[in-house]
Amino acid sequence: MSTRKTKLEAATERRDIALAELQTAVYKKRLGKVQNVARYDAVESSKQRRQPAVERKSEDNILNSRKRLLSHNVGRDLERNSAPARGIMHQFRINVVGPLGKLQVNVDGGDEAAQWFNGDWAKDCDFRDDVHWSTQCQNVVAAAVREGDILAVFDDDLIDDSGKLLMWEADQIVSLSEDVFKGWDGYQEGYTQENGIVRDGWGRVVGYFASGERGLSVVDELDKVTFFPRGQARLVKNPWRINQGRGIGSLLTSATNFQDLYEILVKELQSAKVAASMAGWTKRENAETDWDTPAANPEYLPENIGKTTTEVDAEAANGTDPTAKNYENFESLTGGIWEYLAENDQIEFANIDRPNVHLAEFIEAVLGHAGASVGLARAYTILRADSSYTSFRGDMVLSWATFYTMQKWLERAFADWVAQRALAWAIKKGKVEDLPDGWESSLSWVWPKMPNVDELKEAMAVRMALKNGTTDYSKLLGPDWRQRLGAFGEQFDAILDLGLPLSITESISGNELMSLEGEL
């Protein structure tokens with residue numbers, strides 16, 4: 001008996017040890033799921049989030065020619081039909097370019113060259129139409145945000161030597177079929193093409209194919225396209241990856257947000273319109289369904305159910321229901337209309353809860369993310385300045401960092417290239433005097449600046465900037481600063497001669513200036 005007990009105890013002990021080891025293994029496994037381990041969670045397999053995949057294509061192949069055409073339609077449709085999307089595009093147009101795009105040529109004789117560009121050429125710069133230079137710049141900025149790129153060509157002894165601009169939109173930059181491409185007379189060994197861009201064996205851009213037709217993924221006929229070599233044409237784009245051939249519209253990232261908001265808002269408005277036209281309804285215990293002609297069949301009216309035709313006709317003749325009771329006192333007290341219900345009828349009123357009371361804050365939250373994706377803060381996304389001065393100015397500073405960057409991009413990608421070719425053409429044609437060597441790198445531009453929230457503070461800041469030498473009148477007044485200061489000097493002399501007691505003639509003391517500095 002004792003031997004059996006010993007064996008049983010031994011077996012029990014072994015079982016307990018095995019259970020303890022199993023529990024320890026389970027604990028360690030569970031602990032491994034929550035403890036910090038040497039890995040990147042984002043690339044681990046998971047059913048709770050989108051899974052990564054190894055990329056084997058360039059950005060141009062990811063957004064292939066067909067999908068690129070669809071993306072162009074998405075962007076344009078948003079600007080046509082989505083009020084928030086159009087509002088954001090409008091902000092880029094007016095704050096990056098607005099009515100400006102004024103050129104400065106900062107060399108001897110540059111004032112006359114700038115005057116020709118800003119005056120004569122800017123008014124008549126479009127080869128196909130009469131679109132002003134500033135409007136062209138606005139459309140280039142919009143095209144980069146909305147569609148990704150645009151092709152610009154300068155007519156310098158190309159078509160009729162007009163010295164004007166020709167533009168092709170993103171869906172007009174096309175590729176040839178492979179057989180037609182290799183049969184093209186400009187083809188050389190090692191040349192490749194991708195989304196309308198022709199490259200040599202080293203991947204350098206050779207030129208671009210442009211078509212007057214739209215919506216073509218591949219062109220099979222050479223007479224439908226024109227080849228423009230690099231330098232003669234400029235693909236204006238804003239790439240976000242190294243070696244990216246075609247641009248991709250930044251609006252595409254937030255396009256689904258705008259589309260979903262548009263559909264939600266339309267359905268809410270339609271629901272609210274239906275709810276506004278609905279007052280209530282009557283629930284009947286024994287509803288009749290034959291109501292084609294109730295006036296001709298009064299026996300089917302609810303109040304006549306169960307009565308004979310003779311009784312119905314008699315009551316109709318008398319014009320009263322002998323069993324109905326009128327609550328005249330209630331009628332006189334309410335001053336309105338008192339309705340009497342048939343027996344067992346119930347009146348129910350519609351619960352008008354559309355549009356959703358949280359719709360506005362939901363829309364603003366989603367638009368905040370959509371605006372942030374293109375670099376705009378809340379005030380510029382929803383165009384509402386209902387916050388404090390500091391908060392609103394913070395929104396302006398955040399947004400204008402984007403606008404200033406876009407202005408510099410516009411200069412480098414498009415405006416400088418155009419101005420250099422326009423002035424070179426004008427010098428060749430004798431419209432502008434020859435400029436000193438290196439004038440091509442002396443160009444600068446005047447674009448819109450962030451508006452003043454507090455005019456007095458901004459004016460004092462300008463005074464201090466001029467005093468410290470951190471700005472100058474060419475930046476403050478534009479390319480015609482000499483003429484404007486000259487006119488101002490004439491006005492100043494006239495004020496002095498007339499003896500007018502205007503503050504323009506008063507100087508500011510050092511103590512006053514120090515006081516103003518303290519306020520700033």
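Colleague: Ala, Val, Leu, Ile, Met, Phe, Trp, Tyr, Cys and Pro count as nonpolar, Asp, Glu, Lys and Arg as charged, and the others, Gly among them, as polar. So how does the lining of the largest pocket divide?

Modeller: Into 14 nonpolar, 7 polar and 9 charged residues. This is a predicted model: local features need pLDDT of at least 70, side-chain atom pairs need 80 or more, and totals for chains, interfaces and linings use all residues. Numbering runs from 1 along each chain as its sequence is written, and side-chain values use heavy atoms, without hydrogens or water.

Colleague: What is the volume of that pocket?

Modeller: About 920 Å³. A pocket is an open set of points on a 1 Å grid, with protein on both sides within 12 Å along at least five of seven lines; lining residues have an atom within 4 Å of a point. Volume is the space filled by probe spheres set on the points.

Colleague: Which residues lie closest to its centre?

Modeller: Y404, K449, T471, K475 and L476, out of 30 lining residues.

Colleague: And which element gives the largest share of that lining?

Modeller: Helix 14, with 7 residues. Helix 14 spans 455–468. Helix 13, strand 13 (443–446) and helix 15 (473–477) each supply at least two as well. Helices are DSSP runs of H or I, at least four residues; strands are E, at least two.

Colleague: Switching topic. How many residues are in the largest nonpolar core?

Modeller: It has 65 residues. F92, F117, W121, W133 and F414 touch the most other members. Helix 13 (residues 389–428) gives the largest share, 16 residues. Core members are buried (under 20% relative accessible area, 1.4 Å probe) and joined through side-chain atoms within 4.5 Å.

Colleague: What does F117 contact, beyond its neighbours within four places in sequence?

Modeller: L103, A122, W133, A419, A422, L423 and W445. Contact means heavy atoms within 4.5 Å.

Colleague: How many cavities of 30 Å³ or more turn up?

Modeller: The search finds 2. In a cavity, a 1.4 Å probe fits but cannot get out. Of its 13 lining residues, S65, R68, L69, I173 and L216 are closest to the centre. Helix 3 (residues 65–81) supplies 4 of the lining, the largest share.

Note on methods: Buried < 20%, exposed > 50% of the residue type's maximum accessible area, 1.4 Å probe, protein only.
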